[in-house]
Amino acid sequence: MIYDDISAALQKGRRKDVEALIQQAIDDKLPPKDILNKGLLAGMDIVGEKFKNNELYVPDVLVAARAMNAGTALLKPLLAEAGVESIGKVVIGTVLGDLHDIGKNLVKMMMEGKGFEVIDLGVNVSAEQFVQSAIEHDAEIIACSALLTTTMGEMANVVKVATEKGIRDKVTIMIGGAPVNEAFKISVGADIYTPDAASAAEEAAKVVLN
Ligand code: B1M
């Protein structure tokens, strides 16, 4: 099955093979969500498991991540429903100390698909940068991603700085990433937690359209 082939190529970090297989799956009219979930994300789960068990190391994971980003770039126009006009602005980033950006990039892609203008601050973003950028761009939403248990606490700082700078009641703070959950959202005083990129985009649209 082509999904298994995509997963296997991703695990080996074979970017060109991943791209070719994804193009083939697209040409065969397979559902883009399945190509993402059953191919790329399934492969990345195995990479994560092997990384945890010391069967793979940082360079292996980096090449897998590079292949993943190349693959999602091909899927981007198909996953994102074409948005015409901007429905609002989102400032997005991965929190301070954290360099994981694949999930954040997916959230950005889905939000752009819903019609948002997304200001991407990248990785290792401080609370001050999130808030300053939201002020500069007059953004309705700040979206924070964290993949490490050691960095997720930064989200509380984003809420704190937004309060200090006087924009807390004007901005919706959304959070997500593997270690984050609903209880954590409540504990840091953020507004919305979603488990995946698609639901993040849906919830963001509700914020500006309601
Ligand atoms: Co890292 N890493 N990593 N890593 N890495 C994890 C996260 C880890 C779980 C691996 C493991 O041990 N099994 C572990 C964290 C353990 C913990 O904190 N409890 C870990 C570790 C320990 C580390 C280092 C500390 C390793 C080291 O150096 N010793 C180091 C830290 C560096 C740093 O950030 N300061 C490190 C480094 C790296 C690489 C650089 C090599 C690379 C990142 C490359 C990159 O991102 N460009 C990497 C990778 C790739 C991973 C794994 C294998 C895959 C992460 C990923 O991209 N998943 C990961 C293991 C795993 O998750 N299985 C692991 C796919 C992605 C689509 O999922 O980002 O969860 P995710 O996004 C999901 C949801 O979470 C959600 O939507 C997406 C799905 O639709 N989501 C949101 C994400 N953000 C959201 C925001 C929202 C809403 C939803 O609203 C705003």
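Histidine 100 sits in the loop that links strand 1 (88–94) to helix 5 (102–113). In this predicted model, its NE2 atom is the only protein donor of the cobalt atom of the ligand, at 2.2 Å.

In helix 1 (residues 2–11), the buried residues are Ile2, Tyr3, Ile6, Ser7, Ala9 and Leu10. They lie on the same side of helix 1, because they cover an arc of only 165° around the axis. The partners of these buried residues are helix 2 (15–27), helix 3 (32–52) and helix 4 (58–79), against which they pack. Just after helix 1 comes glycine 13, with a positive phi of about 70°.

Next, the pairing of helix 3 and helix 4. Two packed helices are described by the angle between their axes and the distance between the axes. Here the axes come within 11 Å and cross at roughly 170°. Angles over 145 degrees count as roughly antiparallel, and helix 3 and helix 4 are therefore roughly antiparallel to each other.

| Helix | Residues in the contact |
|---|---|
| Helix 3 | Pro32, Lys33, Ile35, Leu36, Leu40, Leu41, Met44, Val47, Phe51 |
| Helix 4 | Val58, Val61, Ala64, Ala65, Met68, Gly71, Thr72, Leu75, Leu78, Leu79 |

What is the make-up of the contact of helix 3 with helix 4 in nonpolar, polar and charged residues? Its residues divide into 16 nonpolar, 2 polar and 1 charged.

Key
Residues are numbered from 1 along each chain as its sequence is written. This is a predicted model: local features need pLDDT of at least 70, side-chain atom pairs count only at pLDDT 80 or more; totals for chains, interfaces and linings use all residues. Side-chain values use heavy atoms; hydrogens and water are left out. Donors are N, O and S atoms within 2.8 Å of the metal (3.2 Å for Na, K and Ca); water is not among the atoms, so sites may look incomplete. Helices (H or I, at least four residues) and strands (E, at least two) are DSSP runs, numbered from the N terminus. Buried means under 20% relative accessible area, exposed over 50%, partly exposed in between (1.4 Å probe, protein chains only). The arc is that of the directions from the helix axis to the C-beta atoms. Contact means heavy atoms within 4.5 Å. Axes are lines fitted to C-alpha atoms, for helices over the stretch in contact, and angles run from 0 to 180 degrees between N-to-C directions. Angles under 35 degrees count as roughly parallel, over 145 as roughly antiparallel, 65 to 115 as roughly perpendicular and the rest as oblique. Ala, Val, Leu, Ile, Met, Phe, Trp, Tyr, Cys and Pro count as nonpolar, Asp, Glu, Lys and Arg as charged, and the others, Gly among them, as polar.
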